Amino acid sequence: MKALLETERLILREILPTDIEGMFELDSNPIVHKYLGNKPVKTKYDSEKIIQNIIKQYEERGIGRWAAIEKSTGDFIGWSGLKLNTGEKDSLNGKQDFYDIGYRFIPRYWGKGYATESAIVALDYGFKVKQYETIVGVALTDNIGSNKVLQKIGLQHIEDFDCEGERASWYELKLNDYEKNLS
């Protein structure tokens, strides 16, 4: 999967082993992990394992998160995109085998609209190119910013659920509703 997507300000491409510095900066930051279980990575080796897992997802599942590169600087700013959650390990809200949209950015790039911008193009890819029937989004209810992005891109709140002792919101957008929103 050599998907390359662009927005006005971003390039979304496969995550590569050479993204190690950016991935470590992203995932070692406790602020980034505030709503992700408060488990930032400790070493670059941990980030390397994450990158290897994402590359494996490209190969085995045909989709995985993409590196977000800021066009104006060429900087790795985080990641965005779609992921196939399959099997017990990836289950959420008692559900398995679903495509979810997600995004994670280095804090100095927060507040610039990059999550919304990248998520819109990821939705387009999922529905127009891959023809997925449903794309879901999940955010802890306390993560106001992420919940706002999911709503802004058109996902509908379905329910709240317990996620490892925290309250989380489950959102969905179906292909039919996505197509209606386009017309």
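Which residue in E6 stands opposite Asp 100? In this predicted model, in which residues are numbered from 1 along each chain as its sequence is written, local features need pLDDT of at least 70, side-chain atom pairs count only at pLDDT 80 or more, and totals for chains, interfaces and linings use all residues. Side-chain values use heavy atoms, with hydrogens and water left out.

The residue opposite Asp 100 is Val 136 in E6. Helices (H or I, at least four residues) and strands (E, at least two) are DSSP runs, numbered from the N terminus. Strand E5 (residues 98-105) runs parallel to E6, and two bridges join them; strands pair if DSSP finds at least two bridges between them. E6 also pairs with strand E8 (residues 166-174), in the antiparallel sense, over seven bridges. Within that pairing, Thr 134 has Lys 174 in E8 as its bridge partner. Of the seven residues of strand E6 (residues 134-140), five are buried, where buried means under 20% relative accessible area, exposed over 50% and partly exposed in between (1.4 Å probe, protein chains only).

Together, E5, H3 and E6 form a right-handed β-α-β unit; the crossover is right-handed if, with the strands pointing away from the viewer, the path from the first strand over the helix to the second runs clockwise. Helix H3 (residues 114-129) is mostly covered, with 12 of its 16 residues buried, including Tyr 114, Val 121 and Phe 127. After H3 comes Gln 131, whose phi is positive, near 60°.

Elsewhere, Gly 64 lies in the loop between helix H2 (44-61) and strand E3 (66-70). Gly 64 counts as buried because its relative accessibility is 0%.
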